[in-house]
Amino acid sequence: MISPIELRYILHQNPELGFKEFKTTQILENAINKLKEHYNINVEILKPLETGLIIKYQPVEKNEFVLFRSDIDALPIKEKNNIDFKSKNENMHACGHDIHMSILYGLIKYAFENKIQKNILFLFQPAEEGGGGAKKVIDSGIFNNFNIIKAYALHVTDEYEKGVIATSKGVLFASAVEIDIEFFGKNSHIAFPQDGKNALNALRMFLDSLEKIPNDPVKPLIYGIGKAYSGEVRNVIPAYGKIEGSIRSLSLDHTKEYINKLEKILNSIKEMLDVDYKITLGSQYKEVVNDEKVYKEFLEKIENKYKIIDCGYKMTGEDFGFIAEKYPALMFWLGTKTNKKVGLHSPDFLPDDDVINIGIDIFKKLC
Ligand SMILES: CC(=O)N[C@@H](CCC[C@H](N)C(=O)O)C(=O)O
(Lines give C-alpha, C1' and ligand atoms only; values in the text may rest on other atoms or scores of the structure.)
Protein backbone atom coordinates (compact mmCIF):
# COMPACT_ATOMS: atom_id res chain seq x y z
CA MET A 1 0.00 0.00 0.00
CA ILE A 2 1.40 3.42 -0.92
CA SER A 3 0.83 6.80 0.71
CA PRO A 4 -0.89 9.68 -1.13
CA ILE A 5 2.47 11.46 -1.43
CA GLU A 6 4.18 8.38 -2.90
CA LEU A 7 1.29 8.14 -5.36
CA ARG A 8 1.84 11.79 -6.31
CA TYR A 9 5.46 11.07 -7.24
CA ILE A 10 4.46 8.18 -9.52
CA LEU A 11 1.66 10.16 -11.19
CA HIS A 12 3.79 13.27 -11.59
CA GLN A 13 6.45 11.24 -13.44
CA ASN A 14 3.91 9.73 -15.84
CA PRO A 15 1.66 12.55 -17.07
CA GLU A 16 -0.71 11.79 -19.94
CA LEU A 17 -2.96 13.93 -22.14
CA GLY A 18 -6.76 13.90 -22.11
CA PHE A 19 -8.42 10.57 -23.01
CA LYS A 20 -4.95 8.98 -23.23
CA GLU A 21 -4.58 8.49 -19.48
CA PHE A 22 -4.20 4.71 -19.75
CA LYS A 23 -1.13 4.37 -17.54
CA THR A 24 -2.56 6.87 -15.04
CA THR A 25 -5.76 4.81 -14.81
CA GLN A 26 -3.70 1.65 -14.27
CA ILE A 27 -1.57 3.31 -11.57
CA LEU A 28 -4.71 4.48 -9.77
CA GLU A 29 -6.45 1.14 -10.09
CA ASN A 30 -3.41 -0.75 -8.76
CA ALA A 31 -3.06 1.62 -5.81
CA ILE A 32 -6.77 1.37 -4.96
CA ASN A 33 -6.75 -2.42 -5.27
CA LYS A 34 -3.90 -2.49 -2.72
CA LEU A 35 -6.03 -0.35 -0.39
CA LYS A 36 -8.97 -2.73 -0.86
CA GLU A 37 -6.77 -5.70 0.05
CA HIS A 38 -5.15 -3.97 2.99
CA TYR A 39 -8.38 -2.77 4.59
CA ASN A 40 -10.41 -5.73 3.35
CA ILE A 41 -13.05 -3.51 1.78
CA ASN A 42 -15.19 -4.58 -1.12
CA VAL A 43 -15.89 -1.70 -3.50
CA GLU A 44 -16.79 -1.72 -7.15
CA ILE A 45 -14.46 -0.06 -9.65
CA LEU A 46 -16.51 1.31 -12.54
CA LYS A 47 -15.09 2.33 -15.91
CA PRO A 48 -17.64 4.23 -17.97
CA LEU A 49 -14.96 5.47 -20.41
CA GLU A 50 -11.70 4.02 -21.72
CA THR A 51 -9.73 6.05 -19.20
CA GLY A 52 -10.52 7.21 -15.69
CA LEU A 53 -12.51 5.33 -13.08
CA ILE A 54 -15.16 5.61 -10.43
CA ILE A 55 -14.95 3.93 -7.04
CA LYS A 56 -18.37 3.06 -5.70
CA TYR A 57 -18.17 2.96 -1.92
CA GLN A 58 -21.53 1.97 -0.46
CA PRO A 59 -21.47 0.92 3.18
CA VAL A 60 -25.08 2.05 3.68
CA GLU A 61 -28.02 0.34 1.97
CA LYS A 62 -29.85 3.47 0.71
CA ASN A 63 -29.24 5.01 -2.71
CA GLU A 64 -27.76 8.36 -1.68
CA PHE A 65 -24.24 9.30 -2.71
CA VAL A 66 -21.86 12.21 -2.31
CA LEU A 67 -19.53 12.56 -5.29
CA PHE A 68 -15.91 13.74 -5.04
CA ARG A 69 -14.14 14.40 -8.30
CA SER A 70 -10.51 14.67 -9.38
CA ASP A 71 -9.34 15.30 -12.92
CA ILE A 72 -6.50 13.07 -14.16
CA ASP A 73 -5.09 14.53 -17.38
CA ALA A 74 -1.91 16.54 -17.93
CA LEU A 75 -0.76 19.26 -20.35
CA PRO A 76 1.64 19.16 -23.32
CA ILE A 77 4.19 21.24 -21.41
CA LYS A 78 7.83 20.24 -20.82
CA GLU A 79 8.57 20.36 -17.12
CA LYS A 80 11.34 22.69 -15.94
CA ASN A 81 11.45 21.66 -12.28
CA ASN A 82 14.64 19.95 -11.24
CA ILE A 83 13.22 17.34 -8.90
CA ASP A 84 13.60 13.58 -8.26
CA PHE A 85 10.06 12.93 -9.47
CA LYS A 86 10.30 15.07 -12.61
CA SER A 87 8.05 14.12 -15.55
CA LYS A 88 9.58 11.33 -17.63
CA ASN A 89 7.95 12.49 -20.86
CA GLU A 90 7.01 15.62 -22.85
CA ASN A 91 3.86 16.26 -20.78
CA MET A 92 3.47 17.71 -17.34
CA HIS A 93 1.00 17.93 -14.49
CA ALA A 94 1.30 21.72 -14.75
CA CYS A 95 -2.28 22.20 -13.60
CA GLY A 96 -1.82 20.19 -10.39
CA HIS A 97 -3.99 17.22 -11.31
CA ASP A 98 -1.38 14.93 -9.70
CA ILE A 99 -2.21 16.69 -6.43
CA HIS A 100 -5.98 16.39 -7.05
CA MET A 101 -5.67 12.63 -7.67
CA SER A 102 -3.51 12.11 -4.59
CA ILE A 103 -6.02 14.01 -2.46
CA LEU A 104 -8.88 11.87 -3.73
CA TYR A 105 -6.82 8.73 -3.16
CA GLY A 106 -6.09 9.96 0.38
CA LEU A 107 -9.82 10.38 0.94
CA ILE A 108 -10.46 6.82 -0.23
CA LYS A 109 -7.77 5.58 2.13
CA TYR A 110 -9.39 7.51 4.98
CA ALA A 111 -12.86 6.12 4.13
CA PHE A 112 -11.57 2.53 4.00
CA GLU A 113 -9.42 2.86 7.12
CA ASN A 114 -12.20 4.38 9.21
CA LYS A 115 -15.03 2.47 7.53
CA ILE A 116 -16.98 5.70 7.33
CA GLN A 117 -20.71 5.16 7.04
CA LYS A 118 -21.42 7.38 4.03
CA ASN A 119 -21.97 6.36 0.44
CA ILE A 120 -19.41 8.00 -1.80
CA LEU A 121 -18.58 8.00 -5.49
CA PHE A 122 -14.93 8.83 -6.06
CA LEU A 123 -14.60 10.02 -9.65
CA PHE A 124 -11.18 10.08 -11.34
CA GLN A 125 -12.20 11.93 -14.49
CA PRO A 126 -10.27 12.14 -17.76
CA ALA A 127 -9.76 15.12 -20.07
CA GLU A 128 -10.51 18.26 -18.08
CA GLU A 129 -8.04 20.39 -20.02
CA GLY A 130 -9.98 19.91 -23.23
CA GLY A 131 -12.45 17.37 -24.52
CA GLY A 132 -14.89 17.72 -21.65
CA GLY A 133 -14.34 14.42 -19.86
CA ALA A 134 -16.97 15.32 -17.24
CA LYS A 135 -19.65 15.57 -19.93
CA LYS A 136 -18.56 12.29 -21.47
CA VAL A 137 -18.85 10.58 -18.07
CA ILE A 138 -22.36 12.01 -17.62
CA ASP A 139 -23.35 11.09 -21.18
CA SER A 140 -22.20 7.51 -20.57
CA GLY A 141 -25.28 7.20 -18.33
CA ILE A 142 -23.28 5.77 -15.42
CA PHE A 143 -24.72 8.31 -12.97
CA ASN A 144 -28.30 7.36 -13.83
CA ASN A 145 -27.93 4.48 -11.38
CA PHE A 146 -27.12 6.79 -8.50
CA ASN A 147 -28.95 9.39 -6.50
CA ILE A 148 -26.16 11.96 -6.17
CA ILE A 149 -27.12 14.43 -3.47
CA LYS A 150 -23.97 16.56 -3.59
CA ALA A 151 -20.78 16.88 -5.61
CA TYR A 152 -17.43 18.43 -4.68
CA ALA A 153 -14.21 19.25 -6.48
CA LEU A 154 -11.17 21.37 -5.74
CA HIS A 155 -8.48 22.99 -7.83
CA VAL A 156 -5.04 23.95 -6.59
CA THR A 157 -3.61 27.36 -7.43
CA ASP A 158 -0.65 29.44 -6.33
CA GLU A 159 -2.75 32.57 -6.58
CA TYR A 160 -3.53 32.06 -2.87
CA GLU A 161 -1.30 31.25 0.09
CA LYS A 162 -0.87 27.60 0.97
CA GLY A 163 -3.94 26.28 2.78
CA VAL A 164 -6.19 29.22 1.95
CA ILE A 165 -9.49 28.32 0.32
CA ALA A 166 -11.13 30.61 -2.24
CA THR A 167 -14.60 30.06 -3.57
CA SER A 168 -17.76 31.89 -4.47
CA LYS A 169 -21.50 31.71 -3.86
CA GLY A 170 -22.48 31.64 -7.55
CA VAL A 171 -20.31 31.40 -10.66
CA LEU A 172 -16.77 30.37 -9.75
CA PHE A 173 -15.33 29.40 -13.14
CA ALA A 174 -16.27 30.82 -16.52
CA SER A 175 -17.79 28.99 -19.41
CA ALA A 176 -14.89 28.09 -21.74
CA VAL A 177 -15.41 27.39 -25.42
CA GLU A 178 -12.55 26.32 -27.67
CA ILE A 179 -12.88 28.02 -31.03
CA ASP A 180 -10.85 27.67 -34.22
CA ILE A 181 -11.39 29.91 -37.24
CA GLU A 182 -9.92 28.95 -40.58
CA PHE A 183 -9.65 31.19 -43.63
CA PHE A 184 -9.61 29.77 -47.15
CA GLY A 185 -8.28 31.94 -49.97
CA LYS A 186 -6.14 31.31 -53.05
CA ASN A 187 -2.37 31.43 -53.56
CA SER A 188 -0.76 33.76 -56.04
CA HIS A 189 2.67 35.25 -56.62
CA ILE A 190 3.01 38.33 -54.39
CA ALA A 191 3.84 40.30 -57.52
CA PHE A 192 0.32 39.50 -58.77
CA PRO A 193 -1.90 39.95 -55.74
CA GLN A 194 -4.89 40.54 -58.00
CA ASP A 195 -4.76 36.83 -58.90
CA GLY A 196 -4.95 35.63 -55.30
CA LYS A 197 -7.39 35.69 -52.39
CA ASN A 198 -5.38 36.75 -49.39
CA ALA A 199 -6.24 34.61 -46.33
CA LEU A 200 -3.70 36.52 -44.21
CA ASN A 201 -5.48 39.79 -44.93
CA ALA A 202 -8.79 38.21 -43.95
CA LEU A 203 -7.26 36.94 -40.72
CA ARG A 204 -5.75 40.34 -39.99
CA MET A 205 -8.97 42.16 -40.74
CA PHE A 206 -10.84 39.79 -38.44
CA LEU A 207 -8.41 40.42 -35.56
CA ASP A 208 -8.71 44.19 -36.02
CA SER A 209 -12.51 43.99 -36.06
CA LEU A 210 -12.64 42.23 -32.69
CA GLU A 211 -11.83 45.50 -30.95
CA LYS A 212 -14.94 47.02 -32.49
CA ILE A 213 -17.30 44.65 -30.68
CA PRO A 214 -18.51 46.70 -27.72
CA ASN A 215 -17.87 45.30 -24.26
CA ASP A 216 -20.79 44.94 -21.91
CA PRO A 217 -19.29 46.00 -18.55
CA VAL A 218 -21.67 43.82 -16.55
CA LYS A 219 -21.25 40.74 -18.76
CA PRO A 220 -17.52 40.05 -18.88
CA LEU A 221 -16.16 38.10 -21.82
CA ILE A 222 -12.65 37.29 -22.97
CA TYR A 223 -11.80 36.02 -26.44
CA GLY A 224 -8.24 34.84 -25.86
CA ILE A 225 -6.18 33.88 -28.90
CA GLY A 226 -3.16 31.71 -28.19
CA LYS A 227 -2.19 30.86 -31.74
CA ALA A 228 -2.62 32.47 -35.16
CA TYR A 229 -0.79 31.60 -38.34
CA SER A 230 -0.87 32.03 -42.07
CA GLY A 231 1.47 31.71 -45.02
CA GLU A 232 4.32 29.46 -46.05
CA VAL A 233 6.73 31.42 -48.23
CA ARG A 234 7.72 35.12 -48.28
CA ASN A 235 6.74 35.66 -51.89
CA VAL A 236 3.41 33.84 -52.08
CA ILE A 237 0.03 35.29 -51.11
CA PRO A 238 -1.26 32.94 -48.39
CA ALA A 239 -4.25 30.78 -49.25
CA TYR A 240 -4.82 29.66 -45.69
CA GLY A 241 -4.88 31.08 -42.18
CA LYS A 242 -5.98 29.80 -38.80
CA ILE A 243 -6.72 31.29 -35.40
CA GLU A 244 -6.97 29.10 -32.29
CA GLY A 245 -8.48 30.51 -29.14
CA SER A 246 -10.90 30.16 -26.29
CA ILE A 247 -13.88 32.31 -25.34
CA ARG A 248 -14.56 32.79 -21.65
CA SER A 249 -17.71 34.36 -20.27
CA LEU A 250 -19.99 33.89 -17.30
CA SER A 251 -22.56 31.93 -19.29
CA LEU A 252 -22.43 29.62 -22.26
CA ASP A 253 -25.48 31.44 -23.70
CA HIS A 254 -23.59 34.74 -23.68
CA THR A 255 -20.69 33.08 -25.49
CA LYS A 256 -23.06 31.75 -28.13
CA GLU A 257 -24.45 35.27 -28.72
CA TYR A 258 -20.87 36.49 -29.12
CA ILE A 259 -20.09 33.75 -31.66
CA ASN A 260 -23.09 34.97 -33.71
CA LYS A 261 -21.46 38.42 -33.79
CA LEU A 262 -18.19 36.87 -34.94
CA GLU A 263 -20.03 35.17 -37.77
CA LYS A 264 -21.44 38.50 -38.93
CA ILE A 265 -17.94 39.96 -39.03
CA LEU A 266 -16.61 36.93 -40.89
CA ASN A 267 -19.41 37.14 -43.45
CA SER A 268 -18.63 40.77 -44.17
CA ILE A 269 -14.93 39.95 -44.58
CA LYS A 270 -15.86 37.12 -46.93
CA GLU A 271 -17.96 39.55 -48.94
CA MET A 272 -15.12 42.06 -49.13
CA LEU A 273 -12.11 39.79 -49.76
CA ASP A 274 -13.72 36.69 -51.25
CA VAL A 275 -11.98 34.61 -48.58
CA ASP A 276 -14.14 31.87 -47.12
CA TYR A 277 -14.06 30.85 -43.47
CA LYS A 278 -14.96 27.98 -41.20
CA ILE A 279 -15.64 28.08 -37.48
CA THR A 280 -14.95 24.90 -35.52
CA LEU A 281 -15.96 24.69 -31.88
CA GLY A 282 -14.07 22.27 -29.63
CA SER A 283 -15.00 21.60 -26.03
CA GLN A 284 -17.77 23.86 -24.75
CA TYR A 285 -17.64 24.00 -20.98
CA LYS A 286 -20.56 25.24 -18.93
CA GLU A 287 -19.74 27.82 -16.28
CA VAL A 288 -19.23 26.29 -12.80
CA VAL A 289 -22.01 27.52 -10.55
CA ASN A 290 -21.75 26.75 -6.85
CA ASP A 291 -25.01 25.79 -5.19
CA GLU A 292 -26.03 28.32 -2.55
CA LYS A 293 -27.09 25.73 0.02
CA VAL A 294 -23.97 23.62 -0.43
CA TYR A 295 -21.87 26.79 -0.24
CA LYS A 296 -23.46 27.72 3.10
CA GLU A 297 -22.94 24.22 4.45
CA PHE A 298 -19.33 24.31 3.25
CA LEU A 299 -18.64 27.49 5.21
CA GLU A 300 -20.17 25.95 8.36
CA LYS A 301 -18.04 22.80 8.03
CA ILE A 302 -14.74 24.41 7.08
CA GLU A 303 -14.40 28.00 8.20
CA ASN A 304 -13.39 27.34 11.79
CA LYS A 305 -10.20 25.61 10.61
CA TYR A 306 -9.34 27.25 7.27
CA LYS A 307 -9.26 30.78 5.94
CA ILE A 308 -11.91 31.11 3.25
CA ILE A 309 -11.88 33.96 0.74
CA ASP A 310 -14.90 34.88 -1.36
CA CYS A 311 -13.04 35.25 -4.66
CA GLY A 312 -16.00 35.89 -6.98
CA TYR A 313 -15.65 34.47 -10.48
CA LYS A 314 -12.50 33.61 -12.41
CA MET A 315 -12.14 33.34 -16.16
CA THR A 316 -10.60 29.88 -15.92
CA GLY A 317 -12.72 27.07 -17.33
CA GLU A 318 -13.60 23.75 -15.73
CA ASP A 319 -15.77 20.92 -17.02
CA PHE A 320 -16.95 20.33 -13.45
CA GLY A 321 -19.60 22.85 -14.66
CA PHE A 322 -21.44 19.93 -16.30
CA ILE A 323 -21.60 18.11 -12.96
CA ALA A 324 -22.62 21.28 -11.11
CA GLU A 325 -25.40 21.81 -13.64
CA LYS A 326 -26.88 18.41 -12.80
CA TYR A 327 -26.28 18.08 -9.05
CA PRO A 328 -26.01 20.51 -6.10
CA ALA A 329 -22.29 21.11 -6.16
CA LEU A 330 -19.40 23.13 -4.88
CA MET A 331 -15.93 23.71 -6.22
CA PHE A 332 -13.17 25.65 -4.54
CA TRP A 333 -9.60 26.81 -5.07
CA LEU A 334 -7.00 25.48 -2.68
CA GLY A 335 -4.03 27.82 -2.30
CA THR A 336 -0.50 26.42 -2.69
CA LYS A 337 1.64 29.57 -2.71
CA THR A 338 4.70 29.63 -0.48
CA ASN A 339 6.98 32.31 -1.85
CA LYS A 340 6.63 33.34 -5.47
CA LYS A 341 3.68 32.77 -7.76
CA VAL A 342 4.49 30.97 -11.02
CA GLY A 343 0.92 30.30 -12.11
CA LEU A 344 -1.09 27.34 -13.35
CA HIS A 345 0.04 25.85 -16.67
CA SER A 346 3.59 27.05 -16.04
CA PRO A 347 6.51 24.58 -16.56
CA ASP A 348 7.63 25.55 -13.03
CA PHE A 349 4.33 24.88 -11.27
CA LEU A 350 5.08 22.64 -8.27
CA PRO A 351 2.86 22.68 -5.17
CA ASP A 352 4.41 21.31 -1.97
CA ASP A 353 3.59 17.73 -0.98
CA ASP A 354 1.83 18.83 2.19
CA VAL A 355 -0.92 20.48 0.14
CA ILE A 356 -2.13 16.89 -0.33
CA ASN A 357 -2.75 16.43 3.39
CA ILE A 358 -4.53 19.79 3.56
CA GLY A 359 -6.79 18.75 0.67
CA ILE A 360 -7.55 15.39 2.28
CA ASP A 361 -8.37 17.10 5.57
CA ILE A 362 -10.83 19.48 3.85
CA PHE A 363 -12.50 16.69 1.88
CA LYS A 364 -12.76 14.60 5.09
CA LYS A 365 -14.80 17.35 6.68
CA LEU A 366 -17.21 17.28 3.72
CA CYS A 367 -17.92 13.54 3.91
C1 LIG B 1 -8.31 25.28 -14.47
C2 LIG B 1 -7.89 25.45 -15.87
O3 LIG B 1 -6.80 25.92 -16.15
N4 LIG B 1 -8.73 25.04 -16.82
C5 LIG B 1 -8.49 25.18 -18.22
C6 LIG B 1 -9.60 24.52 -18.96
C7 LIG B 1 -9.41 24.54 -20.43
C8 LIG B 1 -10.67 24.56 -21.21
C9 LIG B 1 -10.47 24.49 -22.68
N10 LIG B 1 -9.35 23.75 -23.10
C11 LIG B 1 -10.39 25.89 -23.27
O12 LIG B 1 -9.29 26.45 -23.35
O13 LIG B 1 -11.43 26.41 -23.65
C14 LIG B 1 -8.42 26.66 -18.61
O15 LIG B 1 -7.69 26.96 -19.57
O16 LIG B 1 -9.04 27.51 -17.98
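This is a predicted model: local features need pLDDT of at least 70, side-chain atom pairs count only at pLDDT 80 or more; totals for chains, interfaces and linings use all residues.
**Helix packing**

The two pairs are set side by side below.

| Helix pair | Crossing angle | Axis separation | Handedness |
|---|---|---|---|
| H2 (residues 22–39) and H3 | roughly 15° | within 10 Å | right-handed |
| H5 (residues 199–210) and H6 (residues 252–273) | about 140° | 10 Å | right-handed |

The axes of H2 and H3 cross at roughly 15°, and this angle makes H2 roughly parallel to H3. On the H2 side, the contact is formed by Thr24, Leu28, Ala31, Ile32, Leu35, Lys36 and Tyr39, while H3 contributes Met101, Tyr105, Ile108, Lys109, Phe112 and Glu113. By class, the residues of this contact comprise nine nonpolar, one polar and three charged.

H5 and H6 pack at an angle of about 140°, which makes H5 oblique to H6; the limit for roughly antiparallel is over 145 degrees. From H5, the contact draws on Asn201, Ala202, Met205, Phe206, Ser209 and Leu210; from H6, it draws on Tyr258, Leu262, Ile265, Leu266, Ile269, Met272 and Leu273. The residues of the H5 contact with H6 fall into eleven nonpolar and two polar, with no charged residue.

**The annotated span**

An unreviewed UniProt entry places the feature "domain: Peptidase M20 dimerisation" at residues 177–269. In the model, this span is 32% helix and 34% strand, and its end C-alpha atoms lie 23 Å apart.

**Two loop residues**

Met92 lies in the loop between strand S3 (65–71) and helix H3 (97–114). Met92 has a relative accessible area of 0% and is therefore buried, the cut-off being under 20%. Leaving aside residues up to four places away in sequence, Met92 touches Pro15, Ala74, Leu75, Ile77, Glu79, Asn81, Ser346, Pro347, Asp348 and Phe349.

Lys118 occupies the loop between H3 and strand S4 (120–125). With a relative accessible area of 41%, Lys118 is partly exposed. Its contacts, again not counting residues up to four places away in sequence, are Tyr57, Pro59, Val60 and Cys367. Lys118 and Tyr223 are 105 residues apart along the chain, and their C-alpha atoms are separated by 43 Å.

Terms used:
Residues are numbered from 1 along each chain as its sequence is written. Side-chain values use heavy atoms; hydrogens and water are left out. Helices (H or I, at least four residues) and strands (E, at least two) are DSSP runs, numbered from the N terminus. Buried means under 20% relative accessible area, exposed over 50%, partly exposed in between (1.4 Å probe, protein chains only). Contact means heavy atoms within 4.5 Å. UniProt positions are given in the numbering used here, feature names are shortened, and annotations may be inferred rather than shown by experiment. Axes are lines fitted to C-alpha atoms, for helices over the stretch in contact, and angles run from 0 to 180 degrees between N-to-C directions. Angles under 35 degrees count as roughly parallel, over 145 as roughly antiparallel, 65 to 115 as roughly perpendicular and the rest as oblique. A crossing is left-handed if the near helix is turned anticlockwise from the far one by less than a right angle, and right-handed if clockwise. Ala, Val, Leu, Ile, Met, Phe, Trp, Tyr, Cys and Pro count as nonpolar, Asp, Glu, Lys and Arg as charged, and the others, Gly among them, as polar.
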